[in-house]
Amino acid sequence: MATRKKLARKNARRAAMTATRRTAPRSRSKRSDPLLEAVKGAERRTVGHVRLDVGRAGAARVKRMVYPKGFRWSVDMKPIVGTDLCMHAHVGFLARGEIHIQYADGCVVEHKAPQIVAIEPGHDGWVVGKEPVVLIEFDFEGETIRRLGMPDAHRHP
């Protein structure tokens, strides 16, 4: 008799769990992506299709840069900036996506998330694949190269 009662309780629990699973509402809305949300305390702007959120941390700036799929510096930024290549150094953390960098000497460096990046001035760059690139970057505006001890241009060892 005790075995029958145990079995009945077990079956009742199983039935209750199954009923709960079947009747639980399914969420069809997409969750927001924190890598793409507005950054609290940062200034937001768009330059050449790149979305920038820029904030201060001590003497440095912290930037979250979102490069859309299909972005290429020589197409999207060159007309705005007016130089043949990007002359900024980029140091930070590639949180999403893949970007290729080509230097003036023809050297191509591939970066794929998750990865720490240090990109010297004098480069073109483009997003690879079908997802945007999210780069968290640290800089000192015009003093980035000197303050981070980076070379002023790409060189091979």
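Trainee: Which order do the three strands of the open sheet come in?

Mentor: The order is 6-5-8, and the pairing is antiparallel. Keep in mind that this is a predicted model.

Trainee: Which strands stand at the edges there?

Mentor: Strand 6 (108-112) and strand 8 (123-128) do. Each has a single partner strand, so one side of each is left without a neighbour in the sheet.

Trainee: And what does the twist average from one strand to the next?

Mentor: The twist averages 20°.

Trainee: How many bridges join strand 5 to strand 6?

Mentor: Five, with strand 5 covering residues 98-103 and the two running antiparallel.

Trainee: What holds antiparallel strands together in general?

Mentor: Strands of a sheet pair through backbone hydrogen bonds, and that goes for parallel ones as well.

Trainee: OK, switching to strand 3. Is it mostly covered or mostly exposed?

Mentor: Mostly covered: strand 3 spans residues 60-67, and seven of its eight residues are buried.

Trainee: Which strands does strand 3 pair with?

Mentor: Strand 2 (residues 50-57) pairs with strand 3 over seven bridges, in the antiparallel sense. Strand 9 (residues 133-139) is also joined to strand 3 by seven bridges, and those two run antiparallel too.

Trainee: What do strand 2 and strand 3 form, and how many residues sit between them?

Mentor: They form a hairpin with two residues between them.

Trainee: New topic, Thr144. Where is it found?

Mentor: Thr144 is in helix 4, which covers residues 144-148.

Trainee: Why does Thr144 count as buried?

Mentor: Because its relative accessibility is 4%, and the cut-off for buried is under 20%.

Trainee: What does Thr144 touch, leaving out residues up to four places away in sequence?

Mentor: Ala89 and Asp139. There's also His90, which is 54 residues away from Thr144 in sequence but 8.5 Å away in space, C-alpha to C-alpha.

Trainee: And the side chain of Thr144, what does it reach?

Mentor: The backbone oxygen of Glu141, at 2.9 Å.

Key:
Residues are numbered from 1 along each chain as its sequence is written. This is a predicted model: local features need pLDDT of at least 70, side-chain atom pairs count only at pLDDT 80 or more; totals for chains, interfaces and linings use all residues. Side-chain values use heavy atoms; hydrogens and water are left out. Two strands pair if DSSP finds at least two bridges between them. Helices (H or I, at least four residues) and strands (E, at least two) are DSSP runs, numbered from the N terminus. Axes are lines fitted to C-alpha atoms, for helices over the stretch in contact, and angles run from 0 to 180 degrees between N-to-C directions. Buried means under 20% relative accessible area, exposed over 50%, partly exposed in between (1.4 Å probe, protein chains only). Contact means heavy atoms within 4.5 Å. A polar contact is a pair of N or O atoms within 3.5 Å; within protein, one must be able to donate a hydrogen and the other to accept it, and residues adjacent in sequence count only if both atoms are side-chain atoms.
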